[in-house]
Amino acid sequence: MEKLAIIGGTGLTQLADFKLNKKEVLTTPYGPPSADYLIGELNGVSAVFLARHGNPHSIPPHKINYCANIWGLKQLGVENIIAVAAVGGITSAMGPAQIAIPDQIIDYTYGRKHSFFEDPGTAVTHIDFTYPYSQPLRARLIDAASQTGIHISPRATYGCTQGPRLETTAEILRMEKDGCDIVGMTAMPEAALARELGLNYAGIAVVANWAAGKTEGEITMTEIEHNLHSGMANVGLILQKLVRL
Ligand code: HPA
């Protein structure tokens with residue numbers, strides 16, 4: 001497989017069974033990336049790992065330097081990115097600990113630097129984003145999951161909110177009407193920036209909680225962490241298969 005990177009999200013600051021060979025500290029024209037790039041091997045195949053929220057987990061979604069993170073991966077010669085994300089579940093199949101391979105995105109974020117093509121002297125460029133995730137890379141993820149026997153949802157529309165607060169009930173109802181199945185805070189501008197630099201990008205989302213209003217009571221960080229624990233272990237197994245496909 002072409003050079004692969006895994007961007008780890010909440011619940012995946014470190015990748016189990018990743019054999020670390022070296023750390024690459026990069027400076028970029030956009031400022032510092034979230035963390036050192038970990039260069040190593042997953043299941044015997046070379047891979048790069050980046051902790052999206054920093055290590056330790058300290059950068060909230062709206063403060064992540066997405067441009068630096070993606071630019072750094074390009075500098076390292078990465079061609080394929082698997083973006084792991086914790087999300088809330090909106091539609092009925094998306095209960096806690098469910099894993100989904102999203103195929104569409106609706107962007108509800110604001111005020112994030114979301115393009116490499118906006119600095120003075122840069123040509124105006126409109127990337128095609130009809131399919132925001134790489135279809136071949138998604139197919140490999142789905143294939144890897146089926147080889148593990150772990151049940152996944154092979155498609156989902158990811159609604160990306162600004163955060164860091166969770167949503168209101170009305171916001172989630174609106175998102176459901178819009179067609180969102182899951183809600184997270186990091187797919188954008190990450191996916192679009194990867195496309196701008198010509199990198200293949202696919203996501204694997206783990207449902208941490210029912211989205212606001214979809215269940216009684218408050219959503220707590222304890223609940224989120226508990227559900228992510230089992231879901232992320234399954235993500236690790238899927239990734240170990242993926243690198244061998
Ligand atoms: N909303 C947005 N992002 C999230 C959620 C949620 O309910 N859970 C985990 N990430």
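Predicted model: local features only at pLDDT ≥ 70, side-chain atom pairs only at ≥ 80, totals over all residues.
1. **Strand S9.** Start with S9, which covers residues 157-160. Thr157 and Gly159 point one way from the strand. Tyr158 and Cys160 point the other way. All four named residues are buried. In a regular strand, side chains alternate between the two faces of the sheet.

2. **Partners of S9.** S9 pairs with strand S7 (residues 104-107) in the parallel sense, over four bridges. Ile106 is the residue opposite Gly159 in that pairing. S9 also pairs with S10, again in the parallel sense, over three bridges. Here Gly159 stands opposite Val183. From S9 the chain passes through helix H3 (residues 169-178) and on to S10. This β-α-β crossover is right-handed.

3. Asp181 sits in the loop between H3 and S10. Is Asp181 buried or exposed? Its relative accessible area is 11%, under the 20% cut-off, so Asp181 counts as buried. Its contacts beyond four places in sequence include Gly88, Gly89, Ile90, Thr91 and Met94. Arg155, Ala156 and Thr157 are also touched by Asp181. Tyr158 is 23 residues away from Asp181 along the chain, yet their C-alpha atoms are separated by 6.3 Å.

4. Thr186 lies in the loop that links strand S10 (182-184) to helix H4 (187-196). Why is Thr186 classed as buried? Because its relative accessible area is 7%, and buried means under 20%. Leaving out neighbours within four places in sequence, Thr186 is in contact with Tyr158 and Cys160, among others. Arg52, His53, Pro61, Ile64, Tyr66, Ala85 and Arg112 are also in contact with Thr186.

5. **The cavity.** How many cavities of 30 Å³ or more are there? The count is one. The largest cavity holds about 70 Å³ of space. Strand S5 (80-89), H4 and strand S11 (200-210) each give two or more residues to its lining. S11 gives the most, with four residues. The lining has 13 residues, and Ala83, Ala85, Tyr158, Ala187 and Tyr201 lie nearest the centre. Tyr158 therefore belongs both to S9 and to this lining. By class, the lining is made up of nine nonpolar, two polar and two charged residues.

6. **The largest pocket.** This pocket has about 470 Å³ of space. It is lined by 28 residues. Nearest its centre are Thr10, Pro61, Leu166, Met185 and Ile224. Pro61 is also one of the contacts of Thr186. At least two lining residues come from each of S5, S10, S11 and helix H5 (221-242). S5 supplies the largest share, four residues. The lining divides into 17 nonpolar, nine polar and two charged residues.

7. **The second largest pocket.** Its volume is about 280 Å³. The lining comprises 17 residues. Gly11, Leu12, Leu228, His229 and Met232 lie nearest the centre of this pocket. By class, this lining has seven nonpolar, eight polar and two charged residues.

Methods: Residues numbered from 1 in each chain as written. Heavy atoms only, no water. Buried < 20%, exposed > 50% of the residue type's maximum accessible area, 1.4 Å probe, protein only. Contact = heavy atoms within 4.5 Å. 1 Å grid on protein atoms, 1.4 Å probe; cavity = no way out; pocket = protein on both sides within 12 Å on 5 of 7 lines; lining within 4 Å. Points joined across faces, edges and corners; volume = space filled by probe spheres on them. Nonpolar A, V, L, I, M, F, W, Y, C, P; charged D, E, K, R; others polar. Pairing = 2+ DSSP bridges. Right-handed = clockwise from strand over helix to strand, strands pointing away.
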